[in-house]
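Please look over the sequence and the 3D model below. A short report on how the chain is put together comes after them.

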Amino acid sequence: MSAADDISRDLPVAPYEQLVFSGGGLRCFWHGGWMEVVSDVTTFQPARVTGSSGGALSAAAFLAGRETHLLERFKHALESNDTNLTLDDIQSDDDGRSAHQRIYDAIVHDVIDATAQARIADGPAFQISVSTPGDTSGAALRALLGGAIYQLEQIVAPTPRPRLSSIAGVEQRLIDAREAARKGLLPDLIRMAATVPPAFRADTWDGEPIFDGGMVDKAPLPEPDEGRTLVLLTKRFHALPSDQDDDRITYIQPSETVLSGSKLDFTDPTLLEEAWAQGRKDGRDWLEQRD
């Protein structure tokens with residue numbers, strides 16, 4: 001049973017009006033393991049949900065009740081893929097520049113199908129965070145520069161909310177994912193939200209090229225931002241945003257590094273199981289600490 005199905009079960013309701021799924025590539029399967037364990041004893045009924053990068057897919061799978069299906073579908077895809085990049089991928093004009101884009105696109109369209117989109121469209125407010133240079137002039141170059149600045153900041157002063165990508169003119173957008181679902185466009189939006197150049201070719205949304213939202217905010221708060229909030233990170237940080245001190249926002253992060261150096265390896269399905277298992281362990285630990 002998935003976390004989103006808990007609404008029909010006789011369980012206490014978690015005291016969070018907002019739920020945030022951070023990005024993190026394949027580390028985002030940590031979300032599924034954590035939610036699977038915690039949802040056995042408490043119900044999540046958020047009024048607002050947000051997701052960034054791979055966390056956008058985690059959030060959609062949660063809302064659609066498809067977390068386990070996503071895990072199995074992703075594992076099956078990785079079992080038949082033996083390389084992350086070939087010369088043909090780089091030269092291709094058809095399906096994207098890497099196995100990542102082709103595989104991710106197929107998985108998202110399969111898991112977040114018409115039935116899932118209808119459920120999401122009728123669910124709580126759902127926003128997906130993306131980044132954009134604002135127009136098409138030099139978009140890819142500015143996104144590459146923003147990504148490089150982001151990576152440097154994560155080495156020097158890692159934070160869930162990067163501050164320096166704006167130097168390259170990269171800005172955040174929160175897109176209404178329920179509206180995208182009503183139009184049948186949610187799978188495309190989820191894929192676009194994980195666009196990391198040069199591996200993924202960028203697309204446009206409302207006339208703007210959009211890229212991975214993690215460059216500007218790995219844990220995006222919704223708009224409006226109201227009520228108690230649970231933020232599920234997939235990476236450990238030495239320092240978290242100061243707003244955690246007001247008791248309104250609770251940050252949950254893994255107890256240890258998840259998939260060190262392997263978050264984008266699309267050739268090894270055991271990585272998904274490893275991240276999921278770590279999430280289950282951390283979920284059990286979190287429940288024990290609350291008792």
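## Ground rules

This is a predicted model, in which local features need pLDDT of at least 70 and side-chain atom pairs count only at pLDDT 80 or more, while totals for chains, interfaces and linings use all residues. Residues are numbered from 1 along each chain as its sequence is written, and side-chain values use heavy atoms, with hydrogens and water left out.

Helices (H or I, at least four residues) and strands (E, at least two) are DSSP runs, numbered from the N terminus. Buried means under 20% relative accessible area, exposed means over 50%, and partly exposed lies in between (1.4 Å probe, protein chains only).

Start with strand 2, residues 48-52. Five of its five residues are buried, so strand 2 is largely enclosed by the rest of the structure. Both of its faces are covered. Arg48, Thr50 and Ser52 are on one side, and Val49 and Gly51 are on the other.

Strand 1, helix 1 and strand 2 make a right-handed β-α-β unit. A crossover is right-handed if, with the strands pointing away from the viewer, the path from the first strand over the helix to the second runs clockwise.

Where is Ser22 found? Ser22 is in the loop between strand 1 (18-21) and helix 1 (29-38). Ser22 counts as buried because its relative accessibility is 1%.

A polar atom of the Ser22 side chain lies 3.0 Å from the backbone oxygen of Leu232. The backbone nitrogen of Thr234 lies 3.2 Å from a polar atom of that side chain. Contact means heavy atoms within 4.5 Å. Beyond its neighbours within four places in sequence, Ser22 is in contact with residues including Cys28, His31, Ser52 and Lys218.

## Helix 1

Nine of the ten residues of helix 1 are buried, so helix 1 is largely enclosed by the rest of the structure. Its buried residues pack against strand 1, helix 2, helix 3, strand 7 (229-232), strand 8 (249-252) and helix 10 (270-290).

Phe29 is in helix 1. Its relative accessible area is 6%, so Phe29 is buried. Leaving aside neighbours within four places in sequence, Phe29 is in contact with Leu70, Leu71, Phe74, Leu272, Ala275 and Trp276. Phe29 and Leu271 are 242 residues apart in sequence, but 9.1 Å apart in space, C-alpha to C-alpha.

## Aromatic pairs

The structure holds seven aromatic pairs. Rings of Phe, Tyr and Trp (its six-membered ring) pair if their centres lie within 6.5 Å; planes under 30 degrees apart count as stacked, over 60 as edge-to-face and the rest as tilted.

Phe29 and Phe74 form an edge-to-face pair, 5.3 Å centre to centre, with 90 degrees between the planes. This pair links distant parts of the chain: Phe29 in helix 1 and Phe74 in helix 3 (residues 67-79) are 45 residues apart. Trp30 and Trp34 form a stacked pair, at 6.4 Å and 25 degrees. They are separated by about one helical turn because they are four residues apart in helix 1. Ring pairs also link Phe29, Phe74, Tyr104 and Phe266 into a cluster.

## Nonpolar cores

A nonpolar core is a set of buried Ala, Val, Leu, Ile, Met, Phe, Trp, Tyr and Cys residues joined through side-chain atoms within 4.5 Å. The largest core has 63 residues. Those with the most contacts inside it are Trp34, Phe74, Ile112, Ile128 and Leu186. Helix 2 (residues 54-64) gives the largest share, eight residues. Another core, of eight residues, lies apart from it and includes Val20, Val231, Leu233 and Phe237.

A cis peptide bond joins Glu223 and Pro224, with omega about 0 degrees. Pro224 is in the loop between strand 6 (208-212) and strand 7.

Asp206 is not a glycine, yet has a positive phi of about 55 degrees. Asp206 counts as exposed because its relative accessibility is 74%. Leu259 also has a positive phi, near 50 degrees. At 2% relative accessibility, Leu259 counts as buried.

Note on methods. A polar contact is a pair of N or O atoms within 3.5 Å; within protein, one must be able to donate a hydrogen and the other to accept it, and residues adjacent in sequence count only if both atoms are side-chain atoms.
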